[in-house]
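Welcome! Here is a short tour of one protein model, written for someone meeting it for the first time. Please keep the structure open as you read.

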Amino acid sequence: MTNPSPEVAAHVESTRSKALIPLDLLRGFLIGSAELVPGVSGGTIALVTGVYDQLIDSAAHVVKAAKTVVTGPDRWHGAVAELRRTDWFLVIPVLLGMVTAVFTIAGMMESFVTGNPELSRGLFFGLVAASIAVPLRMLPARTGQPLLLGILVFLAAAALAFWMTGLAGGSDVENPPLIAVFFVAAIAICALVVPGVSGSFFLLAVGLYATTLRAVNDRDLVYIAVFGLGAIVGLALFVNILRYFLHNHRWWTLVVMAGLMLGSLRALWPWQSTTDTGGLLAPSDPVWMPIVLAAIGAAVVIVLILIESTLGAKTGKGNLGEK
């Protein structure tokens, strides 16, 4: 059988991308929803749903296009070339899904997380725990990487995340200065693209979690605009660094991601002290519902992994779009 021409292959890929738009909207909605939950990373959901690499690559092309417009010798031609490399049939639906989630369920998510802490943490504990399998499944064949050193790096990343999640506890800041909102957003958005690191948990640690959700729910346009600008700047500075490591040190990067996800489970342990933030307690009432919800969360991830694997086999791509 002869291989299709590049034009035919491009047409098939474009058609496939268009057909997946409804699914990509759902993916974006799930990623946006995850970013509203302290302890859950949107990057984790992007990993599980199989669009992580494509989103990082596309974001890097957009950032490079913007830099080319400012500093490139052939500004507009170079920028257009980078934008054409961006998978817009994926990026636009995912972004629309994320924005929809943020603006429709911010208030409801805050109520669920704060009003039912054991139940919500139980659900997301199961989700993140099962998700650790995703970066481990994606590990390429080792080519000289010492296994023992890889295990130590995995454990070190887990310990780092475990320690970082114990730092949360900043009191709610009612009227933060806008310059602080800008820099906090620039840091928090980096967590969006790193599985196992929660942007919402960082906001909780610095006292801006509830403040930010209220601003979104109340349509505080000034706060939202400053936060959005900070997020754009932070993402532009960080995404190329992450893309470099994914392409040039993929094995080690995925090991670190898996470790961060394991350590982040501390933030999602259902039974925690209300007087000593981050203090972990033995299971107490309610006991069974958090466990049941954890099992449901894990089952959801397993189903998503199976669906993604099936789609990858049919389209000739493995997890996360690897050829």
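## Overall build

The protein chain has 15 helices and 0 strands; both are DSSP runs numbered from the N terminus, helices being H or I with at least four residues and strands E with at least two. This is a predicted model, in which local features need pLDDT of at least 70 and side-chain atom pairs count only at pLDDT 80 or more, while totals for chains, interfaces and linings use all residues. Residues are numbered from 1 along each chain as its sequence is written, and side-chain values use heavy atoms, with hydrogens and water left out.

Of the 323 residues in the protein chain, 45% count as buried. Buried means under 20% relative accessible area, exposed means over 50%, and partly exposed lies in between (1.4 Å probe, protein chains only). The accessible surface of the protein chain is about 16,300 Å², and 72% of that belongs to carbon and sulfur atoms. These areas come from the Shrake-Rupley method with a 1.4 Å probe, and for residues only the protein chains shown count as cover. A contact means heavy atoms within 4.5 Å. Among contacts between residues at least 6 apart in sequence, 79% join residues at least 24 apart.

In soluble globular proteins, nonpolar side chains tend to be buried together. Here, the largest nonpolar core has 61 residues, and I31, Y52, L55, I56, L203 and L242 touch the most other members. Helix α6 (residues 88–115) gives the most to this core, with 8 residues. A nonpolar core is a set of buried Ala, Val, Leu, Ile, Met, Phe, Trp, Tyr and Cys residues joined through side-chain atoms within 4.5 Å.

The 15 residues of α7 reach 21 Å from the first C-alpha to the last, close to the 21 Å expected at 1.5 Å a residue. That expected span is 1.5 Å times one less than the number of residues in the helix.

L25, V62, L83, W88, I92 and L96 make a nonpolar surface patch of about 470 Å². Patches are made of residues with over 30% relative accessible area and no salt bridge; like charges are joined within 9 Å, and nonpolar side chains (Val, Leu, Ile, Met, Phe, Trp, Tyr) within 5 Å. The largest share of this patch, 3 residues, comes from α6. W88 lies in α6 and is partly exposed, with a relative accessible area of 35%.

## Salt bridges

How many salt bridges does a search of the whole structure find? The search finds 4, each being a side-chain nitrogen of Lys or Arg within 4 Å of a carboxyl oxygen of Asp or Glu. One of them joins R27 to D24, with the closest N and O atoms 2.6 Å apart. Both residues lie in helix α2 (residues 21–35), 3 residues apart, about one turn of the helix. R27 and D24 are both buried.

E82 forms a salt bridge with K64, the closest N and O atoms being 3.6 Å apart. E82 lies in helix α5 (residues 75–84) and K64 in helix α4 (residues 52–71), so the pair ties together parts that are 18 residues apart in sequence. E82 also forms a salt bridge with R85, where the closest N and O atoms are 2.8 Å apart. Through shared partners, salt bridges join K64, E82 and R85 into one network.

## Details in the loops

D285 lies in the loop between α14 (250–263) and α15 (288–315), and D285 is exposed, with a relative accessible area of 73%. The peptide bond from D285 to P286 is cis, with omega near 0°. The C-alpha atoms of D285 and E118 are separated by 9.2 Å, although these residues are 167 residues apart along the chain.

Another loop, between α12 (209–217) and α13 (221–248), holds R219. R219 has a positive phi of about 55° although it is not a glycine, and R219 is partly exposed, with a relative accessible area of 41%.
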